[in-house]
Amino acid sequence: MTHLELITFIYEHREELDALYKKKTTAVCETLEKSRLVIKIGDEVELSDTYRQFIDSTLKRIDYGIIFHTYSKELKELLKYKARYQEEEKSYYLDEMYQLIKNIFFKLQKRDEEIQLLLVKIENETSLDLDILIEKAMDILKKITEVNRANNEVRELFFHEIYTVHGKIDYLVDSISTQMIYFVENISSSLNRLNQFIARTRKLRVQNKKLLQLSLMILEEEDEAIDEMLRLSPREYYLTLHRSQKNSIQTFPDGSESSRVIRRLRQSMEFLEVKKEQRKVKIVMPQVENQHLVNMERIELDLAENGTEDIFLFIYEHPELTDFAREGVSGLSLKEESFKIFLQLIIPENPHIELSNTYNNQEIRIARWI
Amino acid sequence: MDIATIFKVMMKGVMISRNSQKYGEMATFLLYEENYIHYEEVLQTLGYELNGENGYFFLSKSEALNKDEIDQFVRSHKEVFMLISILKQLMPYVRSGTTIRYTEFVSLHEQKRDEKMNEKWQYLFAQSDLRSSSEKFFERLQKEYIIEQIDRKDSDSYLVLNGMDYYLSLLESM
């Protein structure tokens, strides 16, 4: 069956597939039953796992039961191909490594999307009991913590084991490095968000239990404690009154009183001296934009003039970056900004730059300016 | 916005919430310390206290309440606790800022109705007809400034106001 024929097949059976997706039926026609879009369990037919995954991922839907697989298999393969390439130097192993890195990156991206979807889903959940909701949130927290660990493992391996193998691989790792930092930061903020959600929901659960208890005490007329608490300092509390009701209490002024009160209010406001403000000519000053730009040219000139054994550390300690760090551009650390500039310098071919196979104390590859 | 306009509203016993479409602007005005202190001073000369925290504001009387007033105050609060308890028993996720739907409430009430729920309901309403008493339930929540209809044309959707936190903070202090 071709791809086009498959699309036609899905279209022809759309009603049955939709009913299966919505779990409204467990039986379909024989042709569909024989296809790989469904599976038969006993007498019942269900959508196949791959088809359901395709739908959920395309429609950005997610199930709480999602399993986040780690990348250990791919990483093992990657190291295996690295060793073979270093032994035999066949470009085939390099291509395999290139494809594996891309696959791992796509997985990282997919995980990131799935985690965001999962958080939105659980934060807006209204159909579950709070106990179950907390249980599910704890389960997701465990899964995200595991993904966080796996993401860090990938990052470490890319930069420490794979980066020096070949220029082609290095270029790919460099081009995805900023995005990888973004994924790691996203996971960390997701963990915070989920922890806050769990704390909020736990508080809500305690509140609801207390309310239930209180309502039962009121029903059973065992509410002396509530009476006492309310009577203790009612002046600080809100006295809800509906003046249309019989025997209402005039804590708030009624119609006859309101005009008198407004008059008194106006009188008291008359004592307020309002100084007439002198007219000032408004001078519009040209707006100065703080763009936090780093002068790359200056760094390059200083490098050419002084040279260095470690370009990254040179950038990291350069006054241009010191200013940048002090002015505090949100979301970027000094190290991340220095690393970005470092990449911009080393990626284009430059006869003055010599890359070594060793790393500095910031775990960045040492490059000399010669 | 000025304090005379706010007083005209609050003197009727309105609890103003920051997330209310009707009174949100007033609550935001009072969030400025300068405005709050000024209004508070004026009110004290009139015999009222201004109370407000967590995005809601209300007035209370400066002088001591008499026995009848205290009795009504206690009775009214118990009824509101019962209202919120029913609301949260049927919709446990409800907090200030949540949107709730009348039709969903009625359907959940039909599903989860039990003996205790009936007792609670009877504490508030004499009518046994669920639909008409549910309407009363929503009307009462609106009168207590706990919920507010989001759109005049949509009689199904309501926003839970910050005012609900007043009762929940009392609950926490118990």
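**Note on the predicted model, chains A and B**

1. Chain B holds an open sheet of three strands, ordered S1-S3-S2 with antiparallel pairing. Strands are DSSP runs of E with at least two residues, helices are runs of H or I with at least four, and both are numbered from the N terminus. Two strands pair if DSSP finds at least two bridges between them. The edge strands are S1 (16-17) and S2 (48-53) of chain B, each pairing on one side only.

2. This is a predicted model, in which local features need pLDDT of at least 70 and side-chain atom pairs count only at pLDDT 80 or more, while totals for chains, interfaces and linings use all residues. Residues are numbered from 1 along each chain as its sequence is written, with chains lettered from A and ligands numbered from 1 in the order in which they are written.

3. S1(B) and strand S3 (residues 56-61) of chain B run antiparallel, joined by two bridges. B:Ile16 stands opposite B:Phe57 in S3(B).

4. Now a helix pair. In chain B, helix H5 (residues 102-112) packs with helix H7 (residues 130-143) at an angle of about 130°, their axes 11 Å apart. That makes H5(B) oblique to H7(B). Axes are lines fitted to C-alpha atoms, for helices over the stretch in contact, and angles run from 0 to 180 degrees between N-to-C directions. Angles under 35 degrees count as roughly parallel, over 145 as roughly antiparallel, 65 to 115 as roughly perpendicular and the rest as oblique.

5. Which residues of H5(B) meet H7(B)? They are B:Tyr102, B:Phe105, B:Val106, B:His109 and B:Glu110. Their partners in H7(B) are B:Leu130, B:Arg131, B:Ser134 and B:Phe138. Contact requires C-beta atoms, placed from the backbone, within 7 Å. The residues of this contact divide into five nonpolar, two polar and two charged. Ala, Val, Leu, Ile, Met, Phe, Trp, Tyr, Cys and Pro count as nonpolar, Asp, Glu, Lys and Arg as charged, and the others, Gly among them, as polar.

6. Check two loop residues. A:Glu89 is not a glycine, yet has a positive phi of about 55°. A:Glu89 sits in the loop between helix H5 (72-88) and helix H6 (91-123) of chain A. A:Glu89 counts as exposed because it has 10 C-beta neighbours inside 10 Å. B:Tyr145, also not a glycine, has a positive phi of about 60°. B:Tyr145 lies between H7 and strand S5 (147-151) of chain B. With 24 C-beta neighbours inside 10 Å, B:Tyr145 counts as buried. The cut-offs within 10 Å are 20 or more other C-beta atoms for buried, 12 or fewer for exposed, and partly exposed in between.

7. Chain A has 14 helices and four strands. Of its 370 residues, 16% count as buried.

Terms used: Contact = placed C-beta atoms within 7 Å.
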